[in-house]
Amino acid sequence: MSKVITLPSGATVKMRDPATLLKKDRDKVLEIASEQETASMQAVAMIDGLVAVSVVEWSFDLIPPSIRLASLGELTPRDFQVLSNEAMKAQDYLFPDMETDNPDNPKVDTANSNA
């Protein structure tokens, strides 16, 4: 199921439900991010990639970012901020938290037997 959001400019964007994203979408986000050399630019590119895989269609007179990533550069900062905030929901789905506090991966709390 997709969701339509209205941006500050009045343009509308149809976003994918994060639960419909696949591994190939995660690979595309990582590919976009890996094209940058510095960590800060990789973080920016990661957000662009999340937007690119999340946008199904939009009312802008621009090629959708999944086809032409550079279209994102033509958005106003306010529109892009709202769009990227919405796309960040996909990050949690595509890159699930792998912390050691995860109940599926419990910490060992016994003494070291090698000591």
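Reader: What makes E1 and E2 count as paired, and in which sense do they pair?
Author: This is a predicted model, to begin with. Two strands count as paired when there are at least two bridges between them. E1 and E2 have four bridges, in the antiparallel sense, so they pass that cut-off. Among the residue pairs, threonine 6 stands opposite threonine 12 in E2, and valine 4 has lysine 14 of E2 as its bridge partner. The two strands form a hairpin with five residues between them, and glycine 10 in the turn has a positive phi of about 100°.

Reader: How do you know that E2 and E3 pair as well?
Author: By that cut-off of at least two bridges. E2 and E3 have three bridges, again antiparallel. Lysine 14 has glutamate 57 in E3 as its bridge partner.

Reader: Why are E1 and E3 said to stand at the edges?
Author: The open sheet has three strands in the order E1-E2-E3, paired antiparallel. E1 and E3 each have a single partner strand, so one side of each has no neighbour in the sheet. From one strand to the next, the twist averages 25°.

Reader: Why are H2 and H3 called roughly perpendicular?
Author: They pack at an angle of about 85°, with their axes 8 Å apart. Angles of 65 to 115 degrees count as roughly perpendicular, and H2 and H3 are therefore given that name. On the H2 side, the residues that meet H3 include Ile47, Leu50, Val51 and Val53, and their counterparts in H3 include Phe80, Leu83, Ala87 and Leu94. The residues of this contact divide into 10 nonpolar, three polar and one charged.

Reader: How do you know that the length of H3 agrees with what a helix should span?
Author: H3 covers residues 77-94, which is 18 residues, and at 1.5 Å a residue it should span 26 Å. The end C-alpha atoms of H3 are 25 Å apart, so the two values agree.

Reader: Which residues of H3 are buried, and what covers them?
Author: The buried residues of H3 are Asp79, Leu83, Ser84, Glu86, Ala87, Ala90 and Leu94. What covers them includes the strands E1, E2 and E3 and the helices H1 and H2.

Reader: What makes serine 71 a buried residue?
Author: Buried means under 20% relative accessible area. Serine 71 has 1% relative accessibility, so it counts as buried. Serine 71 lies in the loop between E3 and H3. Leaving out residues up to four places away in sequence, serine 71 touches Trp58, Leu62 and Ile63.

Reader: Finally, how many helices and strands are there, and in what order do they run?
Author: The protein chain has three helices and three strands, which run β-β-α-α-β-α from the N terminus on. Of its 115 residues, 28% are buried. Among contacts between residues at least 6 apart in sequence, 58% join residues at least 24 apart.

Technical notes. Residues are numbered from 1 along each chain as its sequence is written. This is a predicted model: local features need pLDDT of at least 70, side-chain atom pairs count only at pLDDT 80 or more; totals for chains, interfaces and linings use all residues. Side-chain values use heavy atoms; hydrogens and water are left out. The expected span of a helix is 1.5 Å times one less than its number of residues. Buried means under 20% relative accessible area, exposed over 50%, partly exposed in between (1.4 Å probe, protein chains only). Contact means heavy atoms within 4.5 Å. Axes are lines fitted to C-alpha atoms, for helices over the stretch in contact, and angles run from 0 to 180 degrees between N-to-C directions. Angles under 35 degrees count as roughly parallel, over 145 as roughly antiparallel, 65 to 115 as roughly perpendicular and the rest as oblique. Ala, Val, Leu, Ile, Met, Phe, Trp, Tyr, Cys and Pro count as nonpolar, Asp, Glu, Lys and Arg as charged, and the others, Gly among them, as polar.
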